[in-house]
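Dear colleague,

Please find below the structure that I am handing over to you. My findings follow it, and I would ask you to read them with the structure open.

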Amino acid sequence: CCLPMPLDFLSILMPCCCTVICDGCDYANQIRELKEKLDHNCPFCRHPKAKSDEERNRSLIKRVDAKDPAAIRHMGGKRGGEGDYDGAFEYW
């Protein structure tokens, strides 16, 4: 979509390709998939959406290993939120 990203946290990071999309675009994609009876896929890379947190983490780690800056930043924020500040510093 051509709308600017919201400044508050109304967006989602797709762990398969580390693309950040707004919640509205993600919702519109889910509605389209339900109406057309399609599997839930990422709107950008068409990779099937993760069904569990473990699967989501594996995809994110794969993107971190590929040196994706968005994945590295997200992993640093995740570690900082968990209280692992040394691990967060390693990623930031």
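**Helix α2 and its surroundings**

I begin at the end of the helix: α2 is followed by K67, whose phi is positive, near 65 degrees. Please bear in mind throughout that this is a predicted model.

The helix itself spans residues 53-65, which makes 13 residues in α2. From the first C-alpha of α2 to the last, the distance is 18 Å, close to the 18 Å expected at 1.5 Å a residue.

Which residues of α2 are buried? They are S59, L60 and V64. These residues lie on the same side of α2, because they cover an arc of only 145 degrees around the axis. The face turned away from that buried side carries exposed residues of α2, namely E54, R58, K62 and D65. As for what covers the buried residues of α2, the elements include β1 (11-14), α3 (69-82) and α4 (85-91).

The axes of α2 and α3 are 8 Å apart, and the two helices pack at an angle of about 125 degrees. That angle is why α2 counts as oblique to α3. The crossing in which α2 passes α3 is left-handed. On the α2 side, the contact is made by N57, L60, I61, R63 and V64; on the α3 side, by A71, I72, H74, M75 and K78. Please note that L60 and V64 take part in this contact and are also among the buried residues of α2.

With kind regards

Technical notes. Residues numbered from 1 in each chain as written. Predicted model: local features only at pLDDT ≥ 70, side-chain atom pairs only at ≥ 80, totals over all residues. Heavy atoms only, no water. Helix = DSSP H or I, 4+ residues; strand = E, 2+ residues; numbered from the N terminus. Expected span 1.5 Å × (residues − 1). Buried < 20%, exposed > 50% of the residue type's maximum accessible area, 1.4 Å probe, protein only. Arc of directions from axis to C-beta. Contact = heavy atoms within 4.5 Å. Axes fitted to C-alpha atoms, helices over the stretch in contact; angles between N-to-C directions. Parallel < 35°, antiparallel > 145°, perpendicular 65-115°, else oblique. Left-handed = near helix turned anticlockwise from the far one by under 90°.
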